[in-house]
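Please keep the sequence and the model open while reading.

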Amino acid sequence: MSITIATSNVNGLRAAARKDVGAWVSSQLPDVWCMQEVRAPQSAIDPILEDFAERYVAKGKISKPEELFRANDICEIKGRAGVALLTTLPVLQTRVGLPGLSEPVDTGRWLEADVKTPDGHVLTVICIYVHSGMADDEVKMKQKFRFLDTMMGRLSDLRDEAAKGGRQAVLCGDFNIAHTPIDIKNAKANVTHAGFMPSERAYVDKWLDDYDFVDVMRDLAGDIQGPYTWWSQRGRAFDNNVGWRLDYQFATPEFADTAQGFTVDKASSYDTRWSDHAALEVTYRV
C-alpha cells in the first residue's frame, strides 16, 4: 500500500482555480496536498476547497465531501503568503504557526497536521512557505533568516522524536532556496540573488547534515540537473526550462526510506500552467 503526498505553490488559489487547477486535482487526487501562497480570504478559500472535495467524491477517492480534511492559515497581511493542507487520511491534531514567531509577516507560513497512515502509524506533515527575501532589501532578508533560524528549533524536536521511535515527519513546501548548482539553471549568475546565496543554502546543508533530514526528491533522482519546480514569468524561462528547484519534501530518515518515486508535474505548455510553480508529488510505501 502507498500514499501520495503533493506540495505546490499555487500562486494565488483564486487565480489557480480560474486557470483550472481543478482538472489537475481530478487527475491526481493526492492523499495529502500541501499548498502555499494561497493568498485569499476564508470566504474565497472555502468554496474552492469544497469544489476539490467534490472532485475527490466524483472520482471515488472518498464517499462524501466531508471526508476530505481541510485546514489553512491566512497571513495577517492581506494578499501575502497563506498555506493550506488537504488530506483523505485521518487527522489527529493540527498546529498553526511556527513556534517562536508572532510577527504578522510570519503568519500564513507554517501548518502542521498529525495524520494516521493506512498502516496505523502517525506522521507529522508540515506545510511550509519560507520568505522569499530580496538581496538588496535588508528588512526582507532579516525576516527570511529569522524564520530559518527559528525553524531549526522545531526541526530539532522533530528529529529527536523520530530518532526515538516516535512520529516520523515530512516537511513540504516552497522553501525559496535552490540548494546546489544542480538545482538551478544559471548557478554562477545567481550567487548574489536571494534564493541561491551561500548564506541561505547553508541552512539546507544543516537540515541534511546536522539534523538528518532527507531531501526526498534528490535522493530518488540522484545527482542530475533539476528537475526544476519554478520558472520566472519573465521572458521564455518556462519554454527554455530556465528554472529553479524551490519546492521540496524533507523527511526524517525512516519515512524517507519508504519513498518509491516522485513526479514534478510541469505543465505541457506555458498557457496551460495554473501556477508559476509545478507540483511535486512523492509516493511513499506504508
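K206 is partly exposed, with a relative accessible area of 38%; here buried means under 20% relative accessible area, exposed over 50% and partly exposed in between, with a 1.4 Å probe and protein chains only. This residue K206 sits in helix α5. Helices (H or I, at least four residues) and strands (E, at least two) are DSSP runs, numbered from the N terminus. Not counting residues up to four places away in sequence, K206 touches M152 and Y211, where contact means heavy atoms within 4.5 Å. K206 and M152 are 54 residues apart along the chain, and their C-alpha atoms are separated by 8.9 Å.

The model is predicted: local features need pLDDT of at least 70, side-chain atom pairs count only at pLDDT 80 or more, and totals for chains, interfaces and linings use all residues. Residues are numbered from 1 along each chain as its sequence is written, and side-chain values use heavy atoms, with hydrogens and water left out.

Turning to the chain as a whole, its secondary structure comes to seven helices and 14 strands. The radius of gyration is 18 Å, close to the 19 Å that the globule rule gives for 286 residues, so the chain is as compact as a globular protein of that length. That radius is taken over C-alpha atoms, and the rule is 2.2 Å times the number of residues to the power 0.38. The C-alpha trace spans about 50 × 50 × 40 Å along its principal axes. Of the 286 residues, 53% count as buried. Among contacts with a separation of 6 or more, 72% are made by residues 24 or more positions apart. The accessible surface comes to about 12200 Å², and 48% of it belongs to carbon and sulfur atoms; the areas come from the Shrake-Rupley method with a 1.4 Å probe, and for residues only the protein chains shown count as cover.

Which residues of α3 are buried? They are A44, I45, I48, L49, F52, A53 and Y56. These residues cover an arc of only 165° around the axis, which puts them on the same side of α3; the arc is that of the directions from the helix axis to the C-beta atoms. Their cover includes α1 (13-18), α2 (21-28), β2 (32-36), β3 (69-73) and β4 (83-87). The face turned away from the buried side of α3 carries the exposed residues S43 and A58. Just after α3, G60 takes a positive phi of about 80°.

F52 of the buried set also belongs to a cluster in which ring pairs link W24, W33, F52 and W274. Rings of Phe, Tyr and Trp (its six-membered ring) pair if their centres lie within 6.5 Å; planes under 30 degrees apart count as stacked, over 60 as edge-to-face and the rest as tilted. The whole structure holds 14 aromatic pairs. One of them joins W24 and W33 and is tilted, at 5.0 Å centre to centre and 50° between the planes. Both W24 and W33 are buried. The rings of F175 and Y248 have their centres 5.9 Å apart and their planes at 85°, so this pair is edge-to-face. Because F175 lies in the loop between β8 (168-174) and α5 (198-209) and Y248 in strand β12, the pair ties together parts that are 73 residues apart in sequence. F175 and Y248 are both buried.

The loop between β12 (247-251) and α7 (253-256) contains T252. T252 counts as buried, at 1% relative accessibility. Leaving aside neighbours within four places in sequence, T252 is in contact with L158, A162, Q168, A169 and F213.

The backbone has some further features to note. Most residues other than glycine have a negative phi, and most peptide bonds are trans. A81, which is not a glycine, has a positive phi of about 45°. This residue A81 lies in the loop between β3 and β4 and is buried, with a relative accessible area of 2%. N241 is another residue other than glycine with a positive phi, near 55°. N241 is placed in the loop between β10 and β11 (243-244) and counts as partly exposed at 31% relative accessibility. A cis peptide bond joins G226 and P227, with omega about -5°. P227 is found in the loop between α6 (216-221) and β10 (230-231).
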